[in-house]
Amino acid sequence: MLEVYDLKCEYKKNPNCIDTEKPRFSWKIKTDKKNVLQKSFVLSVIDGIEGTTIWRKEDNSSDSIHIPYEGEKLKSNHRYYYSVEITDNYGEKADSTEISYFETGILDPDLWSGEWIGKEKKTKRECMDICPVLRKSFKLIKRVKSARIYISAMGLYELHFNGQIVGDYVLTPGWTSYNNRIQYQCYDVTNLLLINENTIGIRLGDGWHNGEISFNHQIHTYGENIGAIAQLMITYEDDTEDTVVTDATWKTADSGVLFSEIYDGEIYDGNKEPDGWNINGFDDTHWEKVVILNRTKANLVGTINEGTKRIEEIKPIAIIKTPSGETLIDMGQNMAGWVKVTVSGRQGDKVHLKHGEVLDGNGNFYFDNIRLAKQETCYTLTGKGVEVLEPHFTFQGFRYIKILEFPGEAAIDNFTGVVIHTDMEPTAKFSCSNPLINQLWHNLVWGQKGNFIDVPTDCPQRDERLGWTGDAQIFCRTACFNFGADSFFTKWLEDVKADQFYNGAIPFVVPNVLPTDWSFLTECQLGFEQTSAAWGDVITVCPWTLYLCYGDKQILEKSYPAIEKYVAYIRNGYKNGSGNPFIWDWGPQLGDWLALDHSEGSYRGATEESFVATAYYANTVKILCKCAKVLRKEKDVITYSNLYESIVMNFKKTFMKDGIILQNTQTSQIIPLEFGLLEGEEVNFAVEKLVKLLKENNYHLTTGFIGTPYLCHVLSKNGYSEIAYRLLMQTDYPSWLYQILKGATTIWEHWDGKKPDDTFWSPNMNSFNHYAYGAIGDWLYRVVAGIEIDEEYPGYKHLIIKPSINDCIQNVTCEYESVYGKIISKWEIGEDNTVDMLVRVPANTVGTIYLPDQENTKLDVGSGEYRFQFKLNK
């Protein structure tokens, strides 16, 4: 049996908004044989209207991911089908049986005939406006074969068609670098169109575009107006075509959404909602005419990522009466999204809710760490039977909901948690014999769920929720295990490049909404048009990680100029420091952020910031060398290899003596070891010093954002897996499991967000849903389960299975859905240290399996499932 399955175009199944001229195709292979490789393929693309084959590629290779289209120019607003036939190394053939297609978006900006429209502002506002609704009725006199509507907004939109909300996206069009790129979405509305009258409705909200954003709660970040652009493209059964677009004929009015803003929440009065505004027959003669907004269409781009959706619903686990008399709803899980309220009451009754993450030491609602974000929803009932209430253009980060107003006595059945995040495919499962480790894995996955809402944010609750580049860089590899984060990061990296400063610096947050004046952040002292090591390095680390995980060379091609520009920024800035072009000792460095080896309450760790920066400088240049090699830029390989050697040499001259690192922090040993800056006895000295420092701290870490992700990796690579496991298994402060015993259901920002005496870290910066320290997941997957990539054959084309087995955990099961298929690594320790091990290698790949037996067996295998039993080498 040979099967071709899971066909995708640009990482998606049947996408409808492709706006690249050369989309790429991928597929997977399933078989009941072992050692199966694809020997050849035939890939065909068929015009979905004319039914003719427009491109056919025959290739005698095992390539099955990211095959680029090379046929005639694609048409806009057009469906194309594609299929694959493969032959394996046994001579067996298989055709794809699933219907696979892609639809192009609007490939040429000049094809946008719609205009940006909005509601006229009466005055220059100092606060948020009521959310407007816009409508347009039109008539059809012929039967429709197909209809697609392309739509975007400055702000956020909700699309209605003949009374129905269209699509399952929320918070559309998402958050991008709006001045450079605004994504549009496409919806198939064929089945919603009626013969005769039809009505399109659009509700608008401020969102990230105009609403309060960043620390200083600035508004109008991207402009004074919110607005929408839409283009309905209709093909009739007689093959004639028609369009309906946003223009001056549309009408607008205020809605019942009196206020809706990302940080503060929403106020909705159902009595003020225009009844029937989005259906046929509504009298809009008293409505205002829309205004045409002066905004370019040239920056409209098709949606690259999967979009944010309602992913799942959860029910509360309890209603709590606190010692201070509050009534709280406990969702049992720190989450991002909102609460759906099902309630009945009298006209004018209110449902008023406030959202928070944790309880204080006395069991009362704790809100100080949310800072100035209100995180409230307030609904005024119409009194018309059972009402189901959800916000439109906001979300909250919370576990607990404080009931401020409610008609009658609240019950669990009144509330449902709606979890939202970008609709990434879950790709990993991890479980083991230790329930605390399983909860840790659960927490780091939910940390990603709560913070991957179109951009990788730091937190989903306080008045921040920004795309901090350092956090994303640290967590990227773990993120790519947990979920199919391919198109998510591809989209976000387009914004990173768009927001890169003219001098090559990468903003601290992307999209970049930070003010030019940072004087109010005295602790950070960050500079405009400057960056910090580890934060700026997102432009090298993330593309390289995506290349490794997904075998996507295009991401390197598109990122390479920005990487070079970033390296030039570092290299050219030496005059701002000591004058050494190979030492990064200038600029607003954040160092080992939130490490514990500095004074109590400090944001920065004790590791010298120029030490961290120079080590990262070397690592980024090393990655640039690797990219140049992959892209066959031989001259660049030589240039940047020489630069790398000079940085390493100067690093050692500046920060080492006689082969020993002069600093005495855990992170100062970890970073050069992880980045490969040391050799020979230098490695031994650093490892011994790290182990010594850990022993002196009773085998507890003191690392922050920079050192923590690599701590266990460095120990395992250098023969100290026993200590890495010991760190993992610690349950007292500071440790990963300490948080869990304190009730955490996501990863905390601080090791001591809630201290052993149940007091809190400073409310100025204390998120309880902050994924950075969840980077331990990378070690769980790559070392404990042992699933590793061969850099020479990225995307797990040649995968390595090399688990580090320790009897503090009795069994581990890990599954990972790679771009070639499912990888499994499973082991269990039985009596007398006998290990049973199961490995699955996907078809069209090969693997190398390392057994930690008494002979340290190494096996090169083809695809298939393999079982082993051996005595553990202890």
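Helices H4 and H6 are roughly parallel to each other, a label given to angles under 35 degrees, with over 145 counted as roughly antiparallel, 65 to 115 as roughly perpendicular and the rest as oblique. The model is predicted; local features need pLDDT of at least 70, side-chain atom pairs count only at pLDDT 80 or more, and totals for chains, interfaces and linings use all residues. Residues are numbered from 1 along each chain as its sequence is written, and side-chain values use heavy atoms, with hydrogens and water left out.

Two packed helices are described by the angle between their axes and the distance between the axes. H4 spans residues 486-499 and H6 spans residues 553-572. Their axes come within 10 Å and cross at roughly 20°. Axes are lines fitted to C-alpha atoms, for helices over the stretch in contact, and angles run from 0 to 180 degrees between N-to-C directions. Helices (H or I, at least four residues) and strands (E, at least two) are DSSP runs, numbered from the N terminus. The crossing of H4 and H6 is left-handed, that is, the near helix is turned anticlockwise from the far one by less than a right angle. On the H4 side, the contact is made by Thr490, Leu493, Glu494 and Lys497. These meet Ile555, Lys558, Ser559 and Ala562 of H6. Contact means heavy atoms within 4.5 Å. The contact residues divide into three nonpolar, two polar and three charged.

Strand E3 (residues 38-47) runs antiparallel to strand E4 (residues 53-59), joined by six bridges. Two strands pair if DSSP finds at least two bridges between them. Isoleucine 46 has threonine 53 in E4 as its bridge partner. The hairpin of E3 and E4 has five residues between the strands, and glycine 51 takes a positive phi near 75° there.

A salt bridge is a side-chain nitrogen of Lys or Arg within 4 Å of a carboxyl oxygen of Asp or Glu. The whole structure holds 57 salt bridges.

An open sheet of four strands has the order E39-E40-E44-E45, with mixed pairing. Strands E39 (787-789) and E45 (858-861) stand at the edges with a single partner strand each, so one side of each is left without a neighbour in the sheet. Neighbouring strands of this sheet are turned by 25° against each other on average, direction ignored. E44 (residues 846-850) pairs with E45 in the antiparallel sense over four bridges. Threonine 848 has aspartate 860 in E45 as its bridge partner.

How values were computed
Ala, Val, Leu, Ile, Met, Phe, Trp, Tyr, Cys and Pro count as nonpolar, Asp, Glu, Lys and Arg as charged, and the others, Gly among them, as polar.
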